[in-house]
Amino acid sequence: MQLHISPKDGVPIYRQIVNQVKYLVGSGRLAPGEELPPIRVLAEQLVVNPNTVARAYAELEHAGIVTKRHGSGTYVSDNGSPLKRAEKLKILAQRADALVAEARHLEVEISELLDVVRERYRAMQSKE
Amino acid sequence: MNMNIPACFPNQPVVVINGLSRRFKSKLALDGVSLNVERGQVFGLVGANGAGKTTLIKHILGLLQAESGSVRVFGLDPVAEPVAVLSRVGFLSEDRDLPGWMRVDELIRYTRAFHREWDTAYAEQLRQQFQLDPAARIKQLSRGELAKAGLLVALAHRPELLVLDEPSSGLDPVVRREMLEAIVRTVADEGRTVFFSSHLLDEIERVSDRVAMMACGRVVLQGRLDEILESHFRLTLRFPTPPPTPPKLAGALLVTGSGLEWTVLCNGARGELEAAVVKLGARIVDETAASLDEIFLARVGRERSTGETLQLPARSVTSNKPDASR
């Protein structure tokens, strides 16, 4: 699991960890049943406070993204998690917000923006 | 088990400072400082040079006596009971004052004599990890090696409280990282406590649970790091016509900008701010998180410019210093 912490951008580190793990799970780079590093190991790897990692893990557990197994470790929740699709859409919603805001800034209509999205999708498909 | 006499007080803060003030001749070095350091926490003390950080640390170590107010470490007065306090504290000073004539192995043996809890195997493990030559003279060590030797003798008795004064001052990024790793490992290790000062905000932000910002001997802001970050944000406002004076907004700590767009660093309730922006005839075009750096500059900038008025809830004053935004 590769996370990247950037203290400069003002987002609390525990939240950066939560967001990135959610993203990795949502995008399938962390598979259901996969074990997350122990708190202490991740803290030393990222050079962040172990209490911060513990808080992030607790939040991920609360959101149903990961499950703690008694005394052994923290694992990505099973595939059946109803949150998985919701999480994916949540990630996309954040990206969409930025895109819509930019479009409004540039005074581009929503229909035009959707055309651009479709056009880019087709362009990407034709490359694959 | 007799519950009336606990062997220790696990929930008692490790350090309790109450209304501490200190004057050096005419200069007020500490002015009514109060803070608690909880067990298992990393407490980061931020401030520019001369803000009073080292003076505060000297009080924690019992090197200075409280002029007014009180200092308690493990519930004890460090001036009255230095042995009981210092045997449980590891300390790395900013100037690393280690005896230059000693060799590294002599320094280790010398420091060991002061600590019943000294862990010889751990000391050796740290020496190897830090790549310190046991036969090297202290005065011939590089800055980085000197810092690592200082850290070794501060850590090897596995202190309950590790106090670091500007641990990474003047060090290259590699050694700086080793310092931070030592902090992380210390708290990961059975809930030990770390109190460290730094003027490098990204390092404070990386490892602290709680921070206090100092300026001119006072604590201008203190709290849980994540709460501080989440309660401060930057709004960029756009006006239909350029306002004649920088916009005034309740909860604004710093206003920068010109012409139609102004950025306001705020601390306050989101809803109230939105209403205030509408009242000014502006709209919010961007909202971003504020980094600890920016929060610090805004807080300390206002402390310098407003001086005596700091005891106000610091809400209604607006400073406009374009050069202070970074």
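Which residue stands opposite B:Val255 in β12(B)? The model is a predicted one, in which local features need pLDDT of at least 70, side-chain atom pairs count only at pLDDT 80 or more, and totals for chains, interfaces and linings use all residues. Residues are numbered from 1 along each chain as its sequence is written, while chains are lettered from A and ligands numbered from 1 in the order in which they are written.

The residue opposite B:Val255 is B:Val264, and the two strands concerned, β11(B) and β12 (residues 261-267) of chain B, run antiparallel and are joined by six bridges. Strands here are DSSP runs of E with at least two residues, and helices are runs of H or I with at least four, both numbered from the N terminus; two strands pair if DSSP finds at least two bridges between them.

These strands belong to an open sheet of four, ordered β11-β12-β10-β13 (chain B), with antiparallel pairing. At its edges lie β11 (252-258) and β13 (283-289) of chain B, each of which pairs on one side only. From one strand to the next the twist averages 20°, where angles run from 0 to 180 degrees between the N-to-C directions of axes, which are lines fitted to C-alpha atoms, for helices over the stretch in contact.

Turning to the whole chain, a domain assignment, automatic or from a database, divides chain B into domain 1 (15-216) and domain 2 (227-324). The C-alpha centres of domain 1 and domain 2 of chain B lie 36 Å apart.
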